[in-house]
Structure formats: C-alpha cells, structure tokens
Amino acid sequence: MSVQPIRLFGDPVLRTPAELVVDFDKELRRLVADLTDTMREQEGAGLAAPQIGVGLRVFTFDVDDVLGHLINPVLHFPDGEEQDGPEGCLSIPGLHFDTKRRQNVVASGFNEYGDPAQVTGEGLLARCVQHETDHLDGVLFVDRLDPEARKNAMKAIREAPWYDPAAPPVVKVSPHASGPFGL
C-alpha cells in the first residue's frame with residue numbers, strides 16, 4: 001500500500017477507456033489499497049485507477065464517512081432528478097466548475113474479492129460515483145460542461161500553474177451524449 005502520483009489533465013491515460021477487471025487477485029487488492037491511500041492523502045472524495053496510470057475499471061470513494069470501492073461499475077438512475085453544483089478533480093487540481101449530474105444513482109459492480117457489490121448514493125455520493133465512472137470511460141467532468149462553461153474551464157486549465165503546454169488539452173465529447181446530460 002502506497003501513495004501514488006496523480007496523473008494530471010493532458011495525460012493520455014485520462015482519455016483512454018479502462019479495461020474490465022477479470023482477475024480478482026492480490027494485485028487488484030493492492031491497487032484498491034493504493035487508490036485508497038492516494039485518495040486520502042490528497043483529500044479527495046474519489047479516485048479512479050486511470051488517475052494513477054492504471055487502465056482498469058476500479059475506483060475508490062470517501063464521501064460523508066462512507067469509504068469504499070467499486071470494480072467494473074454499471075450505473076442505474078432510479079429517477080430523473082438532477083443536481084447542479086461545483087465539481088473538482090484531483091487530475092485538474094485547484095479548479096472547480098458547476099456541473100450537472102443526476103441526484104440519485106445505484107452503481108452495481110464487484111468488490112476487490114469478486115463479490116457482487118452495490119453503492120446507492122444521492123447528492124455528493126451520487127456525484128462522486130458518476131464522476132469516477134466517467135474517468136473509467138476516458139471522460140473528464142469538464143467534458144460535461146455546456147460549450148461556454150467548457151471554454152472558460154479550458155482557459156482556466158491553460159492558466160493553471162500545473163498545466164504542461166507539452167501535453168495539450170483534449171476535449172472529448174461524453175459517450176453519454178444521448179442521455180439527459182449530453183452536450
């Protein structure tokens with residue numbers, strides 16, 4: 001178990017869809033522990049494996065004293081209720097932008113031992129689960145912003161002290177564009 005470096009906006013791994021986990025072994029449990037340690041060290045609400053350079057469908061979360069992880073998540077939305085509020089990302093440090101998400105989510109997947117697991121969340125936990133699942137699809141929260149907000153976000157990213165002009169930003173259209181939050 002150890003804290004890993006966070007990949008920042010512009011790193012291609014953040015734009016690459018993650019692979020399904022097929023081996024629920026010691027290495028996977030080490031990845032979950034590393035994600036948890038790194039998330040806590042960085043004081044994040046969630047962290048997806050691609051954010052530490054691992055292309056597997058795994059994320060951890062720590063929201064409102066609920067600590068956990070989910071592997072190979074599939075999201076279901078029990079209703080159409082929405083929320084709109086500030087969202088940030090450890091891979092886009094120090095910047096927050098209002099982002100629309102669903103208010104309620106049920107995420108099904110597996111735990112680190114391959115047992116079925118489910119996370120039911122509302123509000124911040126629902127936002128976190130959706131955000132981290134997007135990471136597994138190569139989508140960043142700025143991709144969900146309306147065109148004007150996205151333009152402003154990209155300007156703020158280019159002006160951020162951590163931004164690397166050698167790794168130019170790429171904006172990706174959300175694969176969920178046909179859904180209620182497609183832009």
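Predicted model: local features only at pLDDT ≥ 70, side-chain atom pairs only at ≥ 80, totals over all residues.

Student: What does UniProt place at Glu 132?

Tutor: The UniProt record, an unreviewed entry, gives the feature "active site" at Glu 132. Such annotations may be inferred rather than shown by experiment.

Student: Is Glu 132 buried or exposed?

Tutor: A residue counts as buried when its relative accessible area is under 20%. Glu 132 has a value of 3%, and is therefore buried. This residue belongs to helix H2. Beyond the neighbours within four places in sequence, Glu 132 is in contact with Gly 46, Leu 47, Ala 48, Gln 51, Phe 59 and Thr 60.

Student: How should I read the sheet, and in what order do the strands of the open sheet run?

Tutor: In general, strands of a sheet pair through backbone hydrogen bonds, in either a parallel or an antiparallel manner. Here five strands follow the order S1-S2-S3-S6-S7, with antiparallel pairing, and the sheet is open. Strand S1 (46-48) and strand S7 (116-122) form the edges, each pairing on one side only. From one strand to the next, the twist averages 40 degrees.

Student: Which helices pack on or lie across the strands?

Tutor: Helix H1 (residues 26-41) packs on the sheet and touches S1, strand S2 (58-63) and S3, its direction making about 40 degrees with that of S2. Helix H2 (residues 124-136) lies across S1, S2, S3, S6 and S7, at about 160 degrees to S2.

Student: How many bridges join S3 and S6?

Tutor: Strand S3 (residues 66-76) and strand S6 (residues 104-110) pair over four bridges, in the antiparallel sense. His 76 stands opposite Val 106 in S6.

Terms used: Residues numbered from 1 in each chain as written. Heavy atoms only, no water. Pairing = 2+ DSSP bridges. Helix = DSSP H or I, 4+ residues; strand = E, 2+ residues; numbered from the N terminus. Axes fitted to C-alpha atoms, helices over the stretch in contact; angles between N-to-C directions. Contact = heavy atoms within 4.5 Å. Buried < 20%, exposed > 50% of the residue type's maximum accessible area, 1.4 Å probe, protein only.
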